[in-house]
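Here are a few exercises to work through with the model open beside you. Try each task before you read its solution.

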Amino acid sequence: VQLQASGGGLVQVGGSLRLTCGSFGTIFSPNDMGWYRQAPGKQRELVARITHGGRTNYGDSVKGRFTVSRDNAKNTVYLQMNTLKPEDTSVYYCNAEIDYRSYWGQGTQVTVSS
């Protein structure tokens, strides 16, 4: 199973980015999918998660600014990030629970410049 993330980049404060993560190499549809981030010197933290049925939860720092969604037919999860702040600068990792195992993508860098 592989998770492939894309969509990171450099954006100015207040801008938007959309991350995409697809899962490949499995016949099973992921249960929970989500996004985490890790900045240098900090622990990895939850950004947002979504269940197969569409129930979501968010980290406190992104509530109201980020939206997680998924396309179950494509085994893909998205993260729409709006009103970005410098403190959102981090490496973003996608995660998926498939057949009772947890898988991680390779990470995509998001840099918000002030």
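**Exercise 1.** Work out the handedness of the link between cysteine 21 and cysteine 94 in this predicted model.

*Solution.* Start by looking along the S-S bond: the angle about it is 45 degrees. That makes the link of cysteine 21 and cysteine 94 right-handed. Next, see what the pair connects: distant parts of the chain, 73 residues apart. Cysteine 21 lies in strand E3 (residues 17–24), and cysteine 94 lies in strand E9 (residues 90–98).

**Exercise 2.** Show that cysteine 21 and cysteine 94 form a disulfide.

*Solution.* First, recall that a disulfide is a covalent bond between the sulfur atoms of two cysteines. Then take the cut-off, which is 2.5 Å between the sulfurs. Here the sulfur atoms of cysteine 21 and cysteine 94 are 2.1 Å apart, so the pair counts. The structure holds 1 disulfide.

**Exercise 3.** Decide whether each of the two cysteines is buried or exposed.

*Solution.* Buried means under 20% relative accessible area. Cysteine 21 has 1%, so cysteine 21 is buried. Cysteine 94 comes in at 0%, so cysteine 94 is buried too.

**Exercise 4.** Find out which strands E3 pairs with, including E1 and E8, and in what sense they run.

*Solution.* Take strand E1 (residues 2–6) to begin with: E1 and E3 pair in the antiparallel sense over 5 bridges. As an example, glutamine 2 stands opposite phenylalanine 24 in E3. Now turn to strand E8 (residues 76–81): E3 and E8 are joined by 6 bridges and also run antiparallel. In E8, threonine 76 is the bridge partner of glycine 22.

Key. Residues numbered from 1 in each chain as written. Predicted model: local features only at pLDDT ≥ 70, side-chain atom pairs only at ≥ 80, totals over all residues. Heavy atoms only, no water. Helix = DSSP H or I, 4+ residues; strand = E, 2+ residues; numbered from the N terminus. Buried < 20%, exposed > 50% of the residue type's maximum accessible area, 1.4 Å probe, protein only. Pairing = 2+ DSSP bridges.
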